[in-house]
Amino acid sequence: MEVNSKNEIQVSAGIGGVITSPQYPQHYPGNIDCVWNITATAGKRLKFAFLGTFDLERGKDYVEIRDGSTNTSFLLGQFSEVKPTKLVYTSGPQAFVRFKTDQYFSYKGFYLMYETVKQGE
């Protein structure tokens, strides 16, 4: 896995990683907008699972996962209310993940695991 200064993550086959809210498991700061662009190798797609704590300001702060590399790619889910129990899969090798908060309250945040899987898995 390789990360550059723009939070663009290149993932090798069979490899994954973790994205957390800033300062996790301590409270994240207010008024932030974090973006991660994740790219798996050709012929793979990405699988996401929220593990551990999922504690966000309901209705105000959120994590979104998109099926592609931009903020206009198809929205797979926007998560704020409760910890998602289902796995989230992209259709191809790219994902756009955003964590956005307002300026008021902060909570413990989230722990999001991702890994590459074969197309069709």
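**Entry 1**

I started with Glu57, which is buried (under 20% relative accessible area; over 50% would be exposed, and partly exposed is in between, with a 1.4 Å probe and protein chains only), yet has no salt bridge. The nearest side chain of opposite charge is Lys60, 5.9 Å away. For the record, a salt bridge needs a side-chain nitrogen of Lys or Arg within 4 Å of a carboxyl oxygen of Asp or Glu. In the charge bookkeeping Lys and Arg are positive, Asp and Glu are negative, and His and the chain ends are not counted.

Caveats I noted: the model is predicted, local features need pLDDT of at least 70, side-chain atom pairs count only at pLDDT 80 or more, and totals for chains, interfaces and linings use all residues. Residues are numbered from 1 along each chain as its sequence is written, and side-chain values use heavy atoms, leaving out hydrogens and water.

Glu57 sits in the loop between S5 and S6. Strands here are DSSP runs (E, at least two residues), numbered from the N terminus. I listed the contacts of Glu57 (heavy atoms within 4.5 Å): beyond four places in sequence they are Tyr28, Ser80, Asp102, Phe105 and Tyr107.

Next I looked up Asp67, in strand S6. Asp67 is also buried without a salt bridge, and its nearest side chain of opposite charge is Arg45, at 7.7 Å. What does the side chain of Asp67 join in a polar contact? I found Ser91, at 2.7 Å. The cut-off is a pair of N or O atoms within 3.5 Å; within protein, one must be able to donate a hydrogen and the other to accept it, and residues adjacent in sequence count only if both atoms are side-chain atoms. Setting aside neighbours within four places in sequence, the contacts of Asp67 include Ser73, Phe74, Thr90 and Gln94.

**Entry 2**

I followed S6 (residues 62–67) to S7 (residues 74–79): they pair in the antiparallel sense over 5 bridges. Pairing requires that DSSP finds at least two bridges between the strands. Val63 has Phe79 as its bridge partner in S7. The hairpin has 6 residues between the strands, and Gly68 there takes a positive phi near 150 degrees.

Asn71 is in the loop between S6 and S7. Is Asn71 exposed, partly exposed or buried? It counts as partly exposed, because its relative accessibility is 41%. Asn71 touches Arg66, Phe96 and Arg98, not counting residues up to four places away in sequence.

**Entry 3: around S9**

In S9 (residues 94–100), 5 of the 7 residues are buried, so the strand is largely enclosed by the rest of the structure. S4 (residues 33–40) joins S9 through 7 bridges, running antiparallel, and Trp36 has Val97 as its partner. S6 joins S9 as well, antiparallel over 5 bridges; there Ile65 stands opposite Val97.

**Entry 4: the open sheet**

I then traced an open sheet of 4 strands, ordered S3-S10-S5-S8 with antiparallel pairing. Its edge strands are S3 (16–20) and S8 (88–89), each pairing on one side only. S5 (residues 44–55) meets S8 over 2 bridges, antiparallel, with Lys47 opposite Tyr89.

**Entry 5: confidence**

Last, pLDDT (the predictor's confidence in each residue, from 0 to 100). The chain mean is 87, and 88% of residues reach 70 or more. Residues 1–5 stay under 50, and the model has 10 contacts for them beyond four places in sequence.
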